[in-house]
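This report describes how a protein chain meets its ligands and how its parts meet each other. Please keep the structure in view while reading.

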Amino acid sequence: MKIYSLILIACLLLIIACGKDAKPPEYQWPIMAGFPKPQVPADNPMSEAKVMLGRKIFYDNALSFNQTQSCASCHQQAFAFAESRHTSTGATGQAHRRNALALVNVAYNKTLTWAHDGITSIEQQVLIPMFGEAPIELGITQHEETVLNRFKQGDYPALFSAAFPDESISFVTISQALASFVRSLISLDAPFDQYAYQGEDTAISEAAIRGMNLFFSEKLECHHCHGGFNFTQSTSHERQILDRRPFHNTGLYFTDSTKGYPSKDIGLAEVSEIMRDNGRFRAPTLRNIEVTAPYMHDGSITTLGEVLDFYAAGGRSLMQGEFVGDGRKNPLKSPFVRGFEMTEQDKQDLLAFLATLTDQTFLTNPKFGPPEQVK
Ligand code: HEC
Ligand code: HEC
């Protein structure tokens with residue numbers, strides 16, 4: 001008898017031990033062979049269950065205090081998770097000073113937002129729209145309990161326990177699930193990728209090839225700041241840890257009143273408090289750039305053609321309006337934005353090249369769209 005119970009206990013212990021070791025299947029990144037995988041924080045490993053939960057929360061108006069907005073209000077899939085407004089508007093109607101960033105390969109971004117060198121994890125970043133008060137976006141501050149209770153009902157408890165078996169429903173797990181969904185938004189299947197990485201020589205047009213050669217030329221210097229497979233210098237992944245500060249002043253402004261960028265948004269200098277960071281912003285990825293208009297941190301350039309004119313001119317001179325002044329003469333402008341000659345043909349070729357970075361699979365993938373039932 002005794003020996004049997006001993007064996008029984010031993011077996012039970014073995015089962016428990018094995019159960020603990022049994023890891024959920026490893027998350028499958030939708031990444032072609034050859035591309036590096038993003039780095040993921042050790043305390044929030046990727047799983048399908050978290051991504052599914054994060055997607056549901058991303059599309060759910062329950063996340064704003066007055067149930068009028070979700071993340072998807074400002075980050076819409078058809079626009080590569082940017083939006084067509086110049087600058088965003090929060091749940092109370094308050095204006096944001098910046099243009100909503102596209103959520104494209106955010107998993108590879110070393111730093112988050114247009115101009116901050118201290119926000120380095122998506123978990124950290126998503127707290128800003130949730131709790132930020134200047135401006136108010138989702139407006140959860142002072143409504144924490146009301147908002148959290150909405151996630152303790154309906155399908156949510158089951159989804160949370162699948163995603164976070166040992167944790168309770170909290171803003172920590174909500175931010176971890178949202179970050180996992182954002183990390184899953186990978187776009188590496190554009191015609192350019194078929195051409196450049198899969199050896200399909202006819203995947204892009206002759207015009208696009210000419211545009212590509214201009215883009216990567218020393219004359220235009222685009223690749224200097226928008227380089228690498230993600231078309232941004234602000235990339236880090238399993239094989240590359242970034243050490244430079246990928247923020248630049250592109251000469252958008254040199255206002256007569258401040259002799260710099262408009263005081264409502266001076267870029268990196270606001271957080272670093274270093275004078276020479278005035279007007280420095282992160283060079284964003286150019287993947288899916290065709291669909292994310294308007295452009296720049298304040299949405300102040302309307303079309304891609306105008307962005308090209310802006311670089312060809314070596315910055316922007318504003319003759320009227322609030323911010324009169326010649327950005328081309330901004331002493332803090334990057335030496336890589338020095339202007340170049342661009343024929344109409346060059347411009348069309350560059351536009352054709354930029355259009356090869358549009359990844360239709362990404363823009364229409366139902367896995368990234370709203371879940372069928374959002375309560
Ligand atoms: C009111 C509109 C609005 C809402 C709602 C909103 N965002 Fe944003 N989002 C923005 C703007 C504007 C930026 C750029 C902020 C900056 O640079 O300061 C941004 C930036 C981001 C970034 C940084 C991307 C990068 O490449 O650095 C992420 C990630 C993000 N948002 C995710 C979310 C998630 C997740 C939610 C829901 C919890 C959300 N956003 C809700 C407007 C919004
Ligand atoms: C010195 C670095 C640098 C160079 C060179 C450069 N860019 Fe940029 N680019 C940036 C930065 C920084 C921003 C964001 C500026 C801002 O919002 O104030 C940007 C923004 C853009 C945008 C808008 C992105 C968006 O999401 O709104 C496009 C398009 C673009 N660049 C294309 C190009 C092209 C094409 C070239 C070559 C002709 C080029 N860039 C050269 C740094 C650079």
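## Around ligand 1

In this predicted model, an oxygen atom of ligand 1 lies 2.9 Å from a polar side-chain atom of R98, which is a polar contact (a pair of N or O atoms within 3.5 Å; within protein, one must be able to donate a hydrogen and the other to accept it, and residues adjacent in sequence count only if both atoms are side-chain atoms). The side chain of N109 also has an N or O atom 2.9 Å from an oxygen atom of ligand 1, and for the side chain of R282 the distance to an oxygen atom of ligand 1 is 2.9 Å.

The shell around ligand 1 holds 28 residues, with C71, C74, H75, T113 and R282 the closest; a residue is near a molecule if one of its heavy atoms lies within 4 Å of it. By class, this shell has 14 nonpolar, 11 polar and 3 charged residues, where Ala, Val, Leu, Ile, Met, Phe, Trp, Tyr, Cys and Pro count as nonpolar, Asp, Glu, Lys and Arg as charged, and the others, Gly among them, as polar.

## Around ligand 2

A nitrogen atom of ligand 2 is 2.8 Å from an N or O atom in the side chain of H226, whereas the backbone is involved at H297, where an N or O atom lies 2.7 Å from an oxygen atom of the ligand.

The chain is divided into domain 1 (48–186) and domain 2 (191–359), with bounds that come from an automatic or database domain assignment. The area buried between them is about 2,400 Å², and carbon and sulfur atoms give 53% of it; buried area is the accessible area (1.4 Å probe) that two parts lose on being put together, summed over both. R97, Y108 and W114 supply 28% of the area that domain 1 buries against domain 2, more than any other three residues.

Across this interface the rule finds 3 salt bridges, a salt bridge being a side-chain nitrogen of Lys or Arg within 4 Å of a carboxyl oxygen of Asp or Glu. The side chains of D265 and R98 meet in a salt bridge, at 2.8 Å from N to O.

## How to read the values

Residues are numbered from 1 along each chain as its sequence is written, while chains are lettered from A and ligands numbered from 1 in the order in which they are written. Because the model is predicted, local features need pLDDT of at least 70 and side-chain atom pairs count only at pLDDT 80 or more, while totals for chains, interfaces and linings use all residues, and side-chain values use heavy atoms, with hydrogens and water left out.
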